[in-house]
Structure formats: structure tokens, C-alpha cells
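Here's a request: take a look at the structure below and keep it open while you read. We'll go through it one spot at a time.

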Amino acid sequence: MFSIDLAYDAQLFPLEARHAEEFFAHIERGREFIGRYVGFPDRSTDVEAARAMLATYAVKAAEDGARFFGIRLEGTLVGGVLFPAFDAAAGNCEIGCWLEPSAAGRGLVTKACRVLIDYAFGERGMHRVEWHAATGNKKSLAVAERLGMTREGVMRQNHLHRGVRQDTEVWSILADEWTAARSA
């Protein structure tokens, strides 16, 4: 994938180790907000830790696995979307997102996720795209709903985050559902 213009002078681009300083500055601006439900801010404690995490995703992407993308708004990294799981052989992947508070409410995450879903189904031939979010993360769950996903259920207390067991909602959309929704 490559850089894609979203809207509002926003751009989606592959987030790589060379973006570590920009990524760390972004995490610092939104650390508590982003970290409420997402684990990587707790692992990105300095620029080198951020660089190591981004480098890990670059290796996974090179192996046709997980991928990490940033969203820039007016030239500033404000969030991103990712494939935390990407199994081309099985035809299944998962997408997720994060955003700092200053960029919320503009539809950036929904637009970026549409790009990832189009890529997964249209270019990679995936069969199923999943969305996993903590039951308390109402904004993330709203994105899944806007994307036309179906809520499949709740995995009870399956995720330990900051010492607290969280329930995770699982949503998904299948390739034929996505195609029908995009055609309508």
C-alpha cells in the first residue's frame, strides 16, 4: 500500500521505523486517551521503544502479516489504523484504530478503515475482516457499526489491560457483504 489522501488535508501512509520520532511525539500528546484501550502507548516509552515497535511491524508487513498505518492531518500524525492480524492464506484479517483527541469527530478513522477493507477484499482477496474492541470503547464500536460490520459476540474478560480484565466485542464483515454495501 502507499500514501492515500483521505480528506480534510489528511493522509494515510505506512508507518515505519523512520517515523519513530513523529510517532513518539504523537503518542505523548495522546498517551492517556489512546492508552485507555490500546496497549502500544505503554510499550512506546521513548523514541527507541517506539522505533523498535514500528520496526517489528515493518518486518511483519514484509512477511505479508500485520501492518501499521499512520493518519496525518495537516501534516501532523494524529492517529492510525492497522492490521493487527493478517492471514492471506486463510483469507482472514483484523483491523483496528487509534486517534488522539484533537483529531476525533472528523470521520478520519472510518475513512481510513474503508481504505484498509477495500484493500483486504479488493486487492488481497480476503474473505473476512474482523474488528475487536473493548466493550467500554464506545467510539471504536461505533466505527465498526458505521463500517457495516455485524456484532458477533463478546469474549468475556479475555484481555488484560493495565491490570484490569476487559471484555472484547468481536465484529466482522464478509467480502460479499462489503461488496453489496459499497454497491448500494
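Asp-64 counts as partly exposed because its relative accessibility is 28%; here buried means under 20% relative accessible area, exposed over 50% and partly exposed in between, with a 1.4 Å probe and protein chains only. Before going on, note that this is a predicted model, where local features need pLDDT of at least 70, side-chain atom pairs count only at pLDDT 80 or more, and totals for chains, interfaces and linings use all residues. Residues are numbered from 1 along each chain as its sequence is written, and side-chain values use heavy atoms, with hydrogens and water left out.

Back to Asp-64: you'll find it in the loop between helix H3 (47–62) and strand E3 (67–73). Helices (H or I, at least four residues) and strands (E, at least two) are DSSP runs, numbered from the N terminus. Asp-64 isn't a glycine, yet it has a positive phi of about 65°. Gln-157 is another non-glycine with a positive phi, of about 45°. Gln-157 sits in strand E7 (residues 150–161), and with a relative accessible area of 52% it is exposed.

| Residue | Relative accessibility | Class |
|---|---|---|
| Asp-64 | 28% | partly exposed |
| Gln-157 | 52% | exposed |
| Asn-137 | 17% | buried |
| Ser-140 | 9% | buried |

Strand E5 (residues 92–99) gives the most to the lining, with 6 residues.

Now for two of those central residues. Asn-137 lies in the loop between E6 and H5, and its C-alpha atom is 10.0 Å from that of Val-38, although the two are 99 residues apart along the chain. Ser-140 belongs to helix H5 (residues 138–146). Ser-140 and Tyr-37 are 103 residues apart in sequence but 9.6 Å apart in space, C-alpha to C-alpha. Neighbours within four places in sequence aside, Ser-140 is in contact (heavy atoms within 4.5 Å) with Cys-97, Trp-131 and Ala-133.

**The strands**

E5 is mostly covered, with 7 of its 8 residues buried. Strand E6 (residues 128–134) has 6 of its 7 residues buried, so it is largely enclosed by the rest of the structure. E5 and E6 run parallel, joined by 4 bridges; two strands pair if DSSP finds at least two bridges between them. Glu-94 stands opposite Glu-130 in E6. Strand E4 (residues 76–87) runs antiparallel to E5, with 7 bridges joining them, and Val-81 has Cys-97 in E5 as its bridge partner. The hairpin of E4 and E5 has 4 residues between the strands, and there Gly-91 takes a positive phi near 80°.

**The cores**

The largest nonpolar core has 38 residues, and Ile-95, Trp-131 and Met-149 have the most contacts inside it. Such a core is a set of buried Ala, Val, Leu, Ile, Met, Phe, Trp, Tyr and Cys residues joined through side-chain atoms within 4.5 Å. Helix H4 (residues 108–123) gives the most to this core, with 10 residues. Apart from it lies another core, of 18 residues, including Phe-13 and Met-53.
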